[in-house]
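Trainee: I would like to learn how to read strands, sheets and salt bridges in a model. Please take me through one case.

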Amino acid sequence: MERAYSRIRKYAQRTPLLKGTFLDDLWQAEVYVKCEQFQPVGAFKIRGAANFALQLSEEDRKRGLLTHSSGNHAQAVAYMAHKMGITATVVMPTNSSNTKKEGAKKWGAEIIECEPTIEARITTVNKVRQEKGGVIIPPFDHEWIIEGQGTCAMEIIAEIPNIEVVAAPLGGGGLLSGTAVASEYFGREIDVIGCEPEKAADGYEGKRTGKRIEKYTPNTVADGLRTTVGEVPFPLIKEKVKDIWLAREEDILPWMYRVWKEMKVIIEPSSAVVLAAMDSNKEAIKGKKVALIITGGNVDIDKV
C-alpha cells in the first residue's frame with residue numbers, strides 16, 4: 001500500500017481533514033471529516049483507478065481503458081486515460097447522474113449506457129471488450145483497486161495517529177476493505193465501520209450471515225452505492241471491519257443538505273450515508289476520535 005501511495009501521488013491529491021465542525025457537539029465526539037470530494041474528479045475513486053492504470057504494461061495501455069461504473073469510477077478512469085494519452089470507454093447505468101456522465105465525457109471517455117443492474121453492467125462491459133478491445137479496470141473487485149483506495153485511510157492515520165474509529169460508505173467494498181487493511185497495518189486498534197443505506201444493505205446481510213450476497217437489487221437515492229459487495233473485498237470486510245451500520249433512506253438527503261448548510265461543502269448522497277448511519281449510532285462513538293470519509297461531491301445541482 002505504501003508503494004501504491006507513492007505511485008498515485010502525481011494524480012491523487014492529499015485531501016483536507018476538517019475538524020471542529022458542528023458534529024463534535026452533536027455526537028459528543030472529536031470528529032474529523034476527510035474531504036475526498038476535493039480530488040480532481042470530485043471523488044476518492046481516482047486513488048484506485050490510478051493505482052491500477054499505472055501498473056499496466058505499455059502494450060496494455062495502448063489497448064485503451066474500459067470500465068463499468070455508476071459514475072465516480074467512470075470519471076476516474078476517464079481522467080487517467082486523458083492524462084496517459086489513451087482512450088477510455090465507460091459503461092454506465094441509465095440511472096447514473098447527469099453530473100457523473102458529463103464528468104466522464106469531459107475527460108474524453110465514450111459513454112455506453114446499460115440497464116441499472118450489476119449483471120447488466122458486467123455483461124455490457126464484457127461485450128464491449130470483445131468488440132472493441134480494451135483493458136477493464138474494475139470499480140472495486142481487484143487487489144490493485146483496494147490498495148489504491150486504502151491510501152485514503154493512510155493519510156488519516158498519518159495525520160491523527162490515535163484515531164479510534166474510521167467510517168466509510170459501503171458499495172462495492174473497495175474503499176471499506178482498503179480502509180480496514182490500512183487501519184490494521186498502519187493504525188493502532190482502530191474500529192472500522194461500514195455505512196450502508198437500508199435499501200442497499202447486501203453488505204450488512206453478508207456481514208451478519210458470513211456469506212456474500214451475490215444478487216441484490218438496491219433502491220437507494222445514494223447512487224454511488226447501488227451495487228453489491230465484490231468477491232475480493234468481501235473476505236476482508238468480513239474479517240477486518242468491526243461492524244456495518246445502516247442509514248435510513250429518509251435521512252440521507254436531509255443529512256446531505258445539512259452538511260451543505262452547516263459546513264459549506266458539497267457532498268453527494270453516498271457520502272451523506274455515513275453521517276446518517278453514524279447519527280443513528282452516536283452513543284457508540286461518544287467520547288471517541290472519529291474520522292468520516294466523505295467519498296465524493298458530484299451532485300446534479302439542477303435536480304436538487
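Mentor: What follows goes from the sheet to one of its strands and then to the salt bridges.

Mentor: The model is predicted, so local features need pLDDT of at least 70 and side-chain atom pairs count only at pLDDT 80 or more, while totals for chains, interfaces and linings use all residues. Residues are numbered from 1 along each chain as its sequence is written, and side-chain values use heavy atoms, with hydrogens and water left out.

Trainee: In what order do the four strands of the open sheet stand?

Mentor: Strands (E, at least two residues) and helices (H or I, at least four) are DSSP runs numbered from the N terminus. Two strands pair if DSSP finds at least two bridges between them. Here the order is E5-E4-E3-E6, with parallel pairing. E5 and E6 (135–136) are at the edges with a single partner strand each, so one side of each has no neighbour in the sheet.

Trainee: How many bridges join E4 to E3, and how many join E4 to E5?

Mentor: E3 (residues 65–68) and E4 pair over four bridges, in the parallel sense. His68 has Val91 of E4 as its bridge partner. On the E5 side (residues 110–114), five bridges are found, and the strands again run parallel. There Pro93 stands opposite Cys114.

Trainee: What hand does the unit of E3, H5 and E4 have?

Mentor: Point the strands away from you: a crossover is right-handed if the path from the first strand over the helix to the second runs clockwise. E3, H5 (residues 72–84) and E4 form a right-handed β-α-β unit. So do E4, H6 (residues 98–106) and E5. H5 lies across E3 and E4, at about 175 degrees to E3. For that angle, axes are lines fitted to C-alpha atoms, for helices over the stretch in contact (heavy atoms within 4.5 Å). Angles are taken between N-to-C directions and run from 0 to 180 degrees.

Trainee: Is E4 mostly covered or uncovered?

Mentor: Buried means under 20% relative accessible area, exposed means over 50%, and partly exposed is in between (1.4 Å probe, protein chains only). In E4 (residues 88–93), six of six residues are buried. Both faces are covered, with Ala88, Val90 and Met92 on one side and Thr89, Val91 and Pro93 on the other.

Trainee: How many salt bridges does the rule count?

Mentor: A salt bridge needs a side-chain nitrogen of Lys or Arg within 4 Å of a carboxyl oxygen of Asp or Glu. The count is 17. One of them joins Glu30 and Lys289, with N to O at 3.5 Å. Glu30 is in strand E2 (residues 30–35) and Lys289 in strand E10 (residues 289–294), 259 residues apart.

Trainee: Which residue does Glu110 meet in a salt bridge?

Mentor: Its partner is Lys132, at 2.4 Å from N to O. Glu110 belongs to E5 and Lys132 to helix H7 (residues 118–132), 22 residues apart in the chain. Glu110 is partly exposed at 38% relative accessible area, and Lys132 is partly exposed at 47%.
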